[in-house]
Amino acid sequence: DGSVPQEKFQFRRLWPKGKIPPWGLMHSALSHDGKWLYVSGRFSAKTNRVREFDPRYPPGAIYRMKLDGDCPLEKFADINVSHQDGIGGAYAKDYGGNPKHTPFRDVFPIGGIAVDKNGTLYVGDREHQCITVFSKDGKKAGQINVAWPYRVSVHPETGTVYVIQKQGYRKPAFRLLKFDKPGKDMKPDVKPVISQDLEIIHYN
């Protein structure tokens, strides 16, 4: 059914003890064979209070952990974010709100990750306004130009890529895009097969 046995996750430490990156929304994806867990979204940033920037955890880093071992997450790939001590980047300039607040608001450089059956990793890259694609050995393999990728998913059999866009800060707009089997030889300007606006209902 696509699930992973409980013992593979039970009592596993994701990060080295005391070294959890404090900022960002964490995204995770499981490889098709159930051997690898990929994590992105968490990063370090300097604040006006007590935190200093830790260069081991920059914005845009993607991590990987082998599920049949006992090692924590290790860096797998990097998206280059033009930050200063973890603060800001190209993604923050046109998003809305105050760019100085970027580690404290829903304004982050990574917008979700997914893995296809071949081990190819798809990363929502808000810094460069695209889905950045990495091969299973962590090398950049291509991209799909999509503005403000928020979530990304890949059909486990067909390879179809689904992307939810989210743009705006206080009143965001959402759109669902479907890309028909772009594959590893994709061109940067692959056109979506389906583009549909999403109505978001907020409950108090």
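Start with the lining of the largest cavity: six nonpolar residues, two polar and one charged. Here Ala, Val, Leu, Ile, Met, Phe, Trp, Tyr, Cys and Pro count as nonpolar, Asp, Glu, Lys and Arg as charged, and the others, Gly among them, as polar. This is a predicted model, where local features need pLDDT of at least 70 and side-chain atom pairs pLDDT 80 or more, while totals for chains, interfaces and linings use all residues. Residues are numbered from 1 along each chain as its sequence is written, and side-chain values use heavy atoms, without hydrogens or water.

**The cavity**

Select Gly-41, Arg-42, Phe-43, Pro-59, Gly-60, Ala-61, Phe-108, Pro-109 and Ile-110, which line the largest cavity. The space inside is about 40 Å³. Two cavities reach 30 Å³ or more. A cavity is a set of points, on a 1 Å grid over the protein atoms alone, where a 1.4 Å probe fits but cannot get out; lining residues have an atom within 4 Å of a point. Points are joined across faces, edges and corners, and volume is the space filled by probe spheres set on them.

**The whole chain**

Zoom out and colour by secondary structure. Of the 204 residues, 43% are buried, meaning under 20% relative accessible area with a 1.4 Å probe, protein chains only.

**The cores**

Next, select Ile-62, Phe-76, Ile-79, Ile-113, Leu-121, Val-123 and Phe-134. They have the most contacts inside the largest nonpolar core, which has 16 residues. β4 (74–78), α1 (90–93), β5 (110–115) and β6 (121–125) each supply at least two residues of this core. β5 gives the most, three. Another core, of 12 residues, lies apart from it and includes Ala-114, Tyr-122, Val-133 and Val-154. Such a core joins buried Ala, Val, Leu, Ile, Met, Phe, Trp, Tyr and Cys residues through side-chain atoms within 4.5 Å.

Centre on Phe-76. Beyond four places in sequence, its contacts include Tyr-38, Arg-64, Leu-121, Phe-134 and Asp-137. Contact means heavy atoms within 4.5 Å.

**Ser-31**

Last stop: the loop between β1 (27–30) and β2 (36–40), where Ser-31 sits. Is Ser-31 buried or exposed? Ser-31 counts as buried because its relative accessibility is 8%. Show Trp-36, Tyr-38 and Val-115: Ser-31 touches these, leaving out residues up to four places away in sequence.

Definitions and conventions: Helices (H or I, at least four residues) and strands (E, at least two) are DSSP runs, numbered from the N terminus. Buried means under 20% relative accessible area, exposed over 50%, partly exposed in between (1.4 Å probe, protein chains only). On a 1 Å grid over the protein atoms alone, a cavity is a set of points where a 1.4 Å probe fits but cannot get out, and a pocket is an open set with protein on both sides within 12 Å along at least five of seven lines; lining residues have an atom within 4 Å of a point.
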